[in-house]
Amino acid sequence: MPKQPVPAIGIDLGTTYSAIAKIDDTGRPITLPNGEGDLLTPSVVLFEGTNVVVGKEAVKALVTEAEDVALCPKRDLGNRAYHKALHGRQYPPEAIEAWILKKLKDDAAKQIGDFQQVVITVPAYFDEVRRKATQDAGYMAGLEVMDIINEPTAAAVAFGFREGFLNAEGIATEPKNILVYDLGGGTFDVTVMEIRGNQFTALATDGDVRLGGQDWDQRLMDLVAEEFIRHHRLDPRDDPNVVGRLWRECEDVKRTLSARAKASIACDFRGQAVRVELTRQKFEEITRDLVDRTLFTTRQTLQAAGLAWANVDRVLLVGGSSRMPMIRDMLVKLSGKEPDTSVSADEAVAHGAALRAALILARSNGEPPRFHIRNVNSHSLGLAAIDPQTKRKRTAVLIPRNTPLPIAAKRTFKTEKANQRSILVQIVEGESASPDDCSQIGRCTVRDLPPNLPAQTPIEVRFRYLENGRLTVNVEVEGTNKKLQHEIARENSLSPEQLDMWRQYISGIAPGAGPKSQE
Ligand code: ADP
Ligand code: MG
């Protein structure tokens, strides 16, 4: 049989909706519909005993079996377990993400045949821990994750493709600055990108991992619940199934208010009912602070990129929540420009990921790349050190945020006491001067140092940070043969054995990928 070419597949693993795209025969990205015929799959998982249901049907179950439904596992990535037990069991959030990936994979494979290699996107603001968890989710789903790329970068690549910048003849001759404003269901991301020729460079990035459409839904739910309490002295939020139904209802009304000036929400609970009439204006009033949070971050990011609005060529709207008129209005006021909605708010990220996958596959076939991506890191990376003067713990930054990647950085520290036998290297990520307020992303220990090492012996620490946001740390103690190389192991990470166990459980692929091991 002739060997099938490997398809270029990109996956947008969203907080609330996910999508999968491939590059078609003409080189264009297209979204592949799921088994239900939809382009978007809700990132929602229902556990009913050993049966795991993903997507629309899991959303429906929120009305009757809310306790067994996992919403937004992406928000919990980096934690040891999903925040609630499901059908009496604790799951790591990456395992729940893996079931979502598996559904996307299986549904797509029915149309295009089996595949393993994919590119998955993550919010630019995701830290090291969450990136690794995303890669692990792909592994558990039986995929081979060729790369993880930032969602806004993916959106910009999709935009660049649409504008023809990826073709030799269409290459952007003048550099263009694009601000990508991505407001999804659970996360907000803003990135300033420069497109120069076929080079896509992120200049600055920021965001909020806990801000998205769901916060707007929640405001509506609270409004209805308060009305209910006022009329009936009962709180419908006490029953998880009623909350599930109310949430679906509020999300729907929110979408209605993107198209219409008014809508109404009904809620019944324990034989009582209320109906709340709502105008778009009122909705905008009760959510203004949320819009303002995105405004503030957008302004800061532009500043971090060293640009003014006059230097921004396009404001690209991405993410389902960017469809709310209040977002467009805010951006028009802020930037003085009409935002660009030429790429599909829902599909751009998956399309960019597929274009990236095509690039990687072409490179492995020895073909010249059609475009290049350069990223910046979204958080400062450093170590917990002791200030020699104050003797207090202090964050020593090796790579400041918004540094172009890849980057290697070096800094020399000193041992504290004479005759020190081990050194603990504690790697932190974040902007606080106190390492305890940063995110702890890993630690390693240099042991068995030779005796009688003098105090103040230099320790050289090197960081190597790759484009995909993964970090390697090297430690060398001067005058000794002590060298350590450490690929970040997360504090909360699953061991390779656990990963294999989940991979087998979720995707049926045996550890080692070879023949099954003997019992
Ligand atoms: P994510 O990437 O976080 O999964 P998406 O970009 O798919 O999210 O956006 C999903 C969010 O967009 C949901 O909160 C959804 O309610 C919201 N959304 C989608 N369409 C509209 C609309 N027309 N008006 C308002 N909100 C919308
Ligand atoms: Mg998204």
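Author: T201 counts as buried, because its relative accessibility is 17%, where buried means under 20% relative accessible area, exposed over 50% and partly exposed in between (1.4 Å probe, protein chains only). This is a predicted model, in which local features need pLDDT of at least 70 and side-chain atom pairs count only at pLDDT 80 or more, while totals for chains, interfaces and linings use all residues. Residues are numbered from 1 along each chain as its sequence is written, chains are lettered from A and ligands numbered from 1 in the order in which they are written, and side-chain values use heavy atoms, with hydrogens and water left out.

Reader: Where does T201 lie, and which residues does T201 touch?

Author: Helices (H or I, at least four residues) and strands (E, at least two) are DSSP runs, numbered from the N terminus, and T201 lies in strand β12, residues 199–208. Contact means heavy atoms within 4.5 Å; leaving aside residues up to four places away in sequence, T201 touches V192, M193, E194 and R374.

Reader: Which domains does the assignment give for the chain?

Author: Domain bounds come from an automatic or database domain assignment, which here gives domain 1 (9–171 + 344–374 + 499–507), domain 2 (213–286) and domain 3 (381–487). The C-alpha centres of domain 1 and domain 3 lie 34 Å apart, and eleven residues of domain 1 are in contact with 13 residues of domain 3.

Reader: How many salt bridges does the rule find across the interface of domain 1 and domain 3?

Author: A salt bridge is a side-chain nitrogen of Lys or Arg within 4 Å of a carboxyl oxygen of Asp or Glu, and across the interface of domain 1 and domain 3 the rule finds zero of them. On the side of domain 1 that touches domain 3, α3 (128–140), β9 (144–150) and β16 (372–374) each supply at least two residues, and the largest share, five residues, comes from α3.
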